[in-house]
Amino acid sequence: MTPVELSRTVLRAVRCAVDEGELRVAVPERVVVAPPGPGGRGEYATNVALQLARPAGRTPQHVAEVLRDRLLRADGIGDVVITGPGFINISLRGSAAPRALVEEILSPGGIPYGHLPEASGERVLLHGAAEVRAFVHLDVLVRILRSQGCLVRAGGDAPPRPEWVAVLGGGVVDHRPVDDQPGAVPDAPRIDVRPVPAPADPLPLGRDAARWALLRPAAHDRPRIGAEHLEQRESNPFFRVRYVHARTRALLRNAADLGFRPEPGAVGVSGTRPLLTALADHPRVLAAAARHRAPDRLARHLVTVADATQPLLPAVLPLGAEKPSAVHRARLALAEAAGTVLADGLTLLGIDAPDHL
């Protein structure tokens with residue numbers, strides 16, 4: 001069961017409880033599931049019981065118990081535990097959870113993992129300051145919001161400087177004031193994009209490193225513009241993200257030379273839980289980055305994914321005279337899924353995800 005399928009399962013449990021009269025509340029449009037926080041259990045948790053308690057006139061614990069009974073009868077769910085004031089913690093059955101997650105990430109065609117259908121989200125007007133960091137933030141926020149189905153119109157105080165566009169890219173935004181653009185988005189709130197300005201010119205870093213330097217700190221934090229972003233060493237998080245992505249692509253090439261392909265399944269190696277958790281968290285991070293207009297959340301998430309992927313990489317290919325087996329194919333599929341998430345995140349940040357580094 002994938003995170004999307006689990007979310008639908010929880011939503012069906014809510015709808016069933018309402019239809020049978022155990023809860024009197026409006027059924028929400030969607031339910032968010034995410035890896036559990038401190039003190040949580042299982043693979044996923046949801047706070048839907050806390051959200052529904054007040055409108056239902058019940059305690060969160062009562063709502064959670066009502067939903068727990070229904071979730072335990074759903075296919076693919078092994079256990080449901082209620083913690084804290086009413087968090088529902090869900091354990092999936094057997095090894096199907098990681099396999100289904102990898103299959104969802106690698107699903108060919110259609111909407112990329114973690115993205116939502118076009119025009120399924122809110123309507124947003126963005127207006128950026130005439131400053132280089134705001135220029136990059138505006139470009140990336142448009143990308144992230146559109147990935148979440150939002151209808152976005154963006155503009156700025158003034159056209160960007162030609163050298164910003166030449167070095168940093170950013171062709172997805174019409175930088176005229178939004179009121180001067182055709183096809184205005186009706187009834188949309190206007191949001192000013194005015195992060196703390198860059199303390200120095202980022203252009204000498206080049207497109208990719210400059211974007212990372214401007215995007216990884218939170219908008220209210222002062223970015224560091226220095227040569228450390230260009231260093232190809234493990235202490236540089238930007239290098240780690242792109243290095244791990246390139247390693248996953250190299251493993252696919254190496255496996256092809258050995259005559260085997262990725263196939264989701266049981267990986268047969270310990271220590272993959274942090275990676276599976278990080279991959280499952282990708283849709284939630286994208287949604288949060290869009291909701292809070294915070295591209296830094298996506299940048300930090302990519303570091304988490306990359307760091308969680310590194311321990312897997314040495315175990316993907318067979319060693320010596322060892323023949324490729326099902327576990328090698330499964331590990332390769334998990335590595336490919338991690339590379340896919342890293343590539344998607346870097347692309348949304350407007351940063352190149354090279355196959356060779």
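**Reading the labels on the helices and loops**

User: Why are α8 and α12 called oblique to each other?

Analyst: Their axes, in this predicted model, cross at roughly 140° and come within 9 Å of each other, for helix α8 (residues 237-258) and helix α12 (residues 326-348). Angles under 35 degrees count as roughly parallel, over 145 as roughly antiparallel, 65 to 115 as roughly perpendicular and the rest as oblique, so α8 and α12 are oblique to each other. The axes are lines fitted to C-alpha atoms, for helices over the stretch in contact, and angles run from 0 to 180 degrees between N-to-C directions. The model is predicted, so local features need pLDDT of at least 70 and side-chain atom pairs count only at pLDDT 80 or more, while totals for chains, interfaces and linings use all residues. Residues are numbered from 1 along each chain as its sequence is written, and side-chain values use heavy atoms, with hydrogens and water left out.

User: Which hand does the crossing of α8 and α12 have, and which residues make the contact?

Analyst: α8 passes α12 in a left-handed crossing, meaning that the near helix is turned anticlockwise from the far one by less than a right angle (clockwise would be right-handed). The contact (heavy atoms within 4.5 Å) involves, on α8, V241, R242, V244, H245, T248, R249, L251, L252 and A255, and on α12, L332, A335, E336, G339, T340, L342, A343 and L346. By class, 10 of these residues are nonpolar, four polar and three charged.

User: What makes α1 roughly perpendicular to α3?

Analyst: The axes of helix α1 (residues 3-19) and helix α3 (residues 60-71) come within 9 Å and cross at roughly 115°, and α1 therefore counts as roughly perpendicular to α3. The crossing of α1 over α3 is right-handed. In the contact, T9, V10, A13, V14, C16 and A17 of α1 meet V66, L67, R70 and L71 of α3, a set with eight nonpolar residues, one polar and one charged.

User: How do you know whether C16 is buried, exposed or partly exposed, and how many disulfides does the structure hold?

Analyst: Buried means under 20% relative accessible area, exposed over 50% and partly exposed in between (1.4 Å probe, protein chains only); C16, at 27%, therefore counts as partly exposed. C150, with a relative accessible area of 10%, is buried. The structure holds zero disulfides, a disulfide being a pair of cysteine sulfur atoms within 2.5 Å.

User: Why does G149 count as buried, and what is it in contact with?

Analyst: G149 has 0% relative accessibility, so it counts as buried. G149 lies in the loop between α5 (132-147) and β5 (151-156). Leaving aside neighbours within four places in sequence, G149 is in contact with L116, P117, E118, A119, S120 and G121. The C-alpha atoms of G149 and E118 are separated by 4.4 Å, although the two are 31 residues apart along the chain.

User: What makes D281 a buried residue, and where does it sit?

Analyst: D281 has a relative accessible area of 13% and is therefore buried. D281 is placed in the loop between α9 (273-280) and α10, and, apart from neighbours within four places in sequence, it is in contact with A34, P35 and H301.

User: How do you know that helix α7 is mostly covered?

Analyst: Eight of the nine residues of helix α7 (residues 207-215) are buried, namely D208, A209, A210, R211, W212, A213, L214 and L215. What covers these buried residues includes α5, α6 (162-168), α8 and α11.

Methods. Helices (H or I, at least four residues) and strands (E, at least two) are DSSP runs, numbered from the N terminus. Ala, Val, Leu, Ile, Met, Phe, Trp, Tyr, Cys and Pro count as nonpolar, Asp, Glu, Lys and Arg as charged, and the others, Gly among them, as polar.
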